[in-house]
Amino acid sequence: MISLIALAMLMVYGIMEFVRSRMLVRAGLQFDDVLTNTIFPRVVKARLANPNGGAEYILSDIDKVREFLTGQGILTFFDALWVPLFLVICYLFHPWLGAIAAGGAIVIFVLAFLNDFTTKKQLQEANNAVQSANQFAGAVLQNAEVIKSMGMEKPLGERWQDRHATMLTAQAGASDKAGAVMAFSKFIRMALQSAILGMGAYLALQQQVSPGVMIAASIMMGRALSPVEQSVAQWKQFVAARQASQRMKRLFDSVPADLERTELPKPVGEISVEQFTTLVPGTRTPLLKGINFQVPAGQTLAVVGPSGSGKSTLLRSLVGVQPAANGTIRIDGAELSQWNAEQLGQHLGYLPQDVKLFAGTIAENISRFRDADSDDVVRAAKMAGVHEMILHLKDGYETQIGDNGHQLSGGQRQRVGLARALFGLPQIVILDEPNSNLDNDGEAALTDAIRSLKEIGITVIVATHKTNLLAVCDKVLVMQDGAVRALTTPRELLKPAESVAPKNPAKAAAAPVVNNVVNVQ
Ligand SMILES: Nc1ncnc2c1ncn2[C@@H]1O[C@H](COP(=O)(O)OP(=O)(O)OP(=O)(O)O)[C@@H](O)[C@H]1O
């Protein structure tokens, strides 16, 4: 009968363990769902504010915390809640048995803290080194072709190894200490087991307890010490999960969620830049200083200037990825920050200098990974003059282009990037050297695209080093050293310097710059 009761109780125990584990897994999924919904946009913002801050690794922190919360780690802490009950039962058997069990639990608990105290710094160092090694490897391996072609494997491999070795040293140091603490706590545990049996036997001989209590006390103490000892073993995972959750908390504290912005009416595309200054991220060094200019809706503005004069920085500022340190950028009178970011994104087309396509199909890239009508995708491709080229690819619009579009040529990438910028006919189109990789056909298609945009009243801003695009532009902004040197017309810009100088001092000042900045091709 007793055996049957024991069997039934063990079954209940098994079922409850199963239910507990299922509940934890579901709680973990819920946890994941809540965080993954909000963390990605924050990581994007944190990376923009500090490109080398490793914000992207916070995405894997979610896994660390979830694994701890759904695995043995959290179960150990739940089990620890029952420790006082088992200790009280030991005490009720006999105060001496209670004292041995409680003393043992305290010693093992102190060892857990000692473990944390002695290994915390090294575990933190190891985690930082892992992050730094991964970050380095991730960035470097994106340029595998350069590494291979110029035999840079060895020196760059050594740099990665240095970071890796730092991680190993820190981790080995922490593991040595943790190992010593664990071995000692195991010794204490076994010694306590013997001590409680010895004490039980002694008390039984003294007829203060029955022999059965001796065995029961040993089992109870085992149940009381097991979670405490387990927590020593789980400490490393606990520390990693705690650090991961602290990193997530810092991210959530430093990057607030976007305010729910009222949707503004579709812009007509008027841009106004007033006293705009922006800095190198994380420093006080200005990249652009006191920029002022206006672009009426539907106008086409070329931005020219020597390399490093700030053209790309200005364009990045106009699309809102380079934050203002001072001054404002307004679209249709509303500051960039007043726009609902997602809404504004749909009214902006941006082709960055290094294009940046994503792994996926051509159609997905053109449609910005939104659900889109095929007609809209094809319209954007036709407008960018890339439709025929896409049809010549084996899978047409469904061609997978790989990470960063590496399966396309430089010129093809640029033209697909242009189609993405034109998708949905945004009211403002910003192109950063869109013709740097184009052949004659591509150049002609680009000029036609800008002309068409102009005809339908779309504002276009295009940074260029070449003069042929100036023919379709209404105005030219000349940049130098992070400031506006002149705002003029293409015709004035391309006039020989001598004919400008005597008539207009401002243009005379711009002329030498202009002659340096525009590569006449
Ligand atoms: N994130 C950054 N951190 C530090 N310096 C930066 C950063 N971004 C831009 N710069 C610096 O700002 C200056 C302007 O760069 P920008 O890319 O805007 O020039 P550009 O006129 O577009 O040049 P190019 O014609 O060669 O593309 C450069 O000296 C560049 O080194």
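## Salt bridges

A salt bridge here is a side-chain nitrogen of Lys or Arg within 4 Å of a carboxyl oxygen of Asp or Glu. By that rule the count comes to 18 salt bridges. Before going further: this is a predicted model, in which local features need pLDDT of at least 70 and side-chain atom pairs count only at pLDDT 80 or more, while totals for chains, interfaces and linings use all residues. Residues are numbered from 1 along each chain as its sequence is written, and side-chain values use heavy atoms, with hydrogens and water left out.

Start with Glu17 and Arg20, whose side chains meet in a salt bridge at 3.1 Å, N to O. They sit 3 residues apart in helix H1, so about one helical turn separates them. (Helices, H or I with at least four residues, and strands, E with at least two, are DSSP runs numbered from the N terminus.) Glu17 is partly exposed at 34% relative accessible area, and Arg20 also counts as partly exposed, at 22%. For the wording: buried means under 20% relative accessible area, exposed over 50%, and partly exposed in between, with a 1.4 Å probe and protein chains only. Glu17 and Arg20 are also linked with Asp79 in a network of salt bridges.

Is Asp61 buried or exposed? Asp61 is buried, with a relative accessible area of 1%, whereas Lys64 is partly exposed at 34%.

Arg370 and Glu342 make a salt bridge too, at 3.8 Å from N to O. Arg370 is partly exposed at 38% relative accessible area, and Glu342 counts as exposed at 52%.

## Around helix H2

Now for the rings. The structure holds 5 aromatic pairs; rings of Phe, Tyr and Trp (its six-membered ring) pair if their centres lie within 6.5 Å, and planes under 30 degrees apart count as stacked, over 60 as edge-to-face and the rest as tilted. One of these pairs is Phe68 with Phe238, which is tilted, at 5.7 Å centre to centre and 45° between the planes. The pair links distant parts of the chain, with Phe68 in helix H2 (residues 58–70) and Phe238 in helix H9 (residues 235–254), 170 residues apart. Phe68 is buried, with a relative accessible area of 9%. Ring pairs also bring Phe77 into a cluster with Phe68 and Phe238.

Arg66 lies in helix H2 as well. Which residues does Arg66 contact, leaving aside its neighbours within four places in sequence? They are Gly28, Phe31 and Asp32, where contact means heavy atoms within 4.5 Å. Arg66 and Asp32 are 34 residues apart along the chain, yet their C-alpha atoms are separated by 7.1 Å.

## The nonpolar cores

A nonpolar core is a set of buried Ala, Val, Leu, Ile, Met, Phe, Trp, Tyr and Cys residues joined through side-chain atoms within 4.5 Å. The largest one has 44 residues, and Ile362, Ile366 and Leu431 touch the most other members. Helix H15 (residues 410–422) supplies the largest share of this core, 5 residues. Beyond its neighbours within four places in sequence, Ile362 has contacts that include Ile390, Leu393, Tyr397, Leu408 and Val416. A second, separate core has 26 residues, among them Leu288, Leu348, Ile428 and Ala463.

Most residues other than glycine have a negative phi. Asp332 has a positive one, near 50°, and sits in the loop between strand S4 (326–331) and strand S5 (334–335). Asp332 is partly exposed at 30% relative accessible area.

Phi of Asp481 is positive too, near 50°. Asp481 lies in the loop between strand S9 (475–480) and strand S10 (483–488), and counts as exposed at 56% relative accessibility.
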